[in-house]
Amino acid sequence: VRAQTKPCRPPRQAINFDRYVVLSILPHIYKIKCLINTYALWFAELECLYWGLYFSNDSIISSKKGIHILTKKWNRTLRELDLSDQPFPGEDLGIAVGHLAFGVDCDVLRSLNLSGTKITASALRPVIAHCSELTYLNLTSCRYLPRGLKKVYRSQEDIKPLLDKLI
């Protein structure tokens, strides 16, 4: 069986949404990179990206690199980001959250789900320090964080003290 290499086009249902992308994965998508580069990047402003929700299924395999491209593009508008249980390397996650922390208008990020990722304490510090509107942070099952920090934080009062604990 030979794979067809047609150029990707944005799905019609995604074009109708304003600042939200709901990706319904079709069984015939042949490259996830094509999906990222073409479908998602068509949007100039994106507020919510639930990567972990759509790529946590065993039959759908996410790209293992490149999340920093998405956070760089939408660091001004992204309010909610879910990367739960994704196999991104620690350095890629560090660059990605760095774009969120040091981008223009980094105060828009309100919810960040990093559950089950390889995020490190040094990569997480800038997000906590600079994203003043962050009110939800999920760090459960994060392999490279110290014990006692791997939990869900649901308010600024819970999140801010993490700066002293992340060494």
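Is Cys 48 buried or exposed? Select Cys 48: its relative accessibility is 5%, and Cys 48 therefore counts as buried (buried means under 20% relative accessible area, exposed over 50%, partly exposed in between, with a 1.4 Å probe and protein chains only). Select Cys 131 next; Cys 131 is also buried, with a relative accessible area of 1%. A search of the whole structure for disulfides (pairs of cysteine sulfur atoms within 2.5 Å) finds zero.

Before going further, please note that this is a predicted model, in which local features need pLDDT of at least 70 and side-chain atom pairs count only at pLDDT 80 or more, while totals for chains, interfaces and linings use all residues. Residues are numbered from 1 along each chain as its sequence is written, and side-chain values use heavy atoms, with hydrogens and water left out.

**The whole protein**

Display the protein as a cartoon. Eight helices and five strands are present; these are DSSP runs numbered from the N terminus, helices being H or I with at least four residues and strands E with at least two. Along the sequence they follow the pattern α-α-β-α-α-β-α-β-α-β-β-α-α. Of the 167 residues, 45% count as buried.

**The core**

Select Leu 112, Ile 119, Leu 124, Leu 137 and Leu 139. These have the most contacts inside the largest nonpolar core, which has 36 residues (a nonpolar core is a set of buried Ala, Val, Leu, Ile, Met, Phe, Trp, Tyr and Cys residues joined through side-chain atoms within 4.5 Å). Helix 4 (67–74), helix 5 (90–102) and helix 6 (121–130) each supply at least two residues of this core.

Now centre on Leu 112. Leaving aside neighbours within four places in sequence, Leu 112 is in contact (heavy atoms within 4.5 Å) with Leu 81, Leu 100, Val 127, Leu 134, Tyr 136, Leu 137 and Asn 138.

Select helix 5, which has 13 residues and spans 18 Å from its first C-alpha to its last, close to the 18 Å expected at 1.5 Å a residue; the expected span is 1.5 Å times one less than the number of residues. Its buried residues are Asp 92, Leu 93, Ala 96, Val 97, Gly 98, Leu 100 and Ala 101. Their cover includes helix 4, strand 2, strand 3 and helix 6.

Move to helix 6, where Ala 121, Ala 123, Leu 124, Pro 126, Val 127 and Ile 128 are buried. These residues pack against helix 5, strand 3 (111–113), strand 4 (136–138), helix 7 (156–159) and helix 8 (162–165).

**A salt bridge**

Select Glu 47 and Arg 79. They form a salt bridge, with the closest N and O atoms 3.8 Å apart; the term requires a side-chain nitrogen of Lys or Arg within 4 Å of a carboxyl oxygen of Asp or Glu. Glu 47 lies in the loop between helix 2 (32–39) and strand 1 (48–50) and Arg 79 in the loop between helix 4 and strand 2 (80–82), so the pair ties together parts 32 residues apart in sequence. Glu 47 is buried at 11% relative accessibility, whereas Arg 79 is partly exposed at 31%.

**Two loop residues**

Finally, select Asp 85, in the loop between strand 2 and helix 5. Although not a glycine, Asp 85 has a positive phi of about 60°, and at 51% relative accessibility Asp 85 counts as exposed. Ser 141, in the loop between strand 4 and strand 5 (152–153), is not a glycine either and has a positive phi of about 60°. Ser 141 is exposed, with a relative accessible area of 53%.
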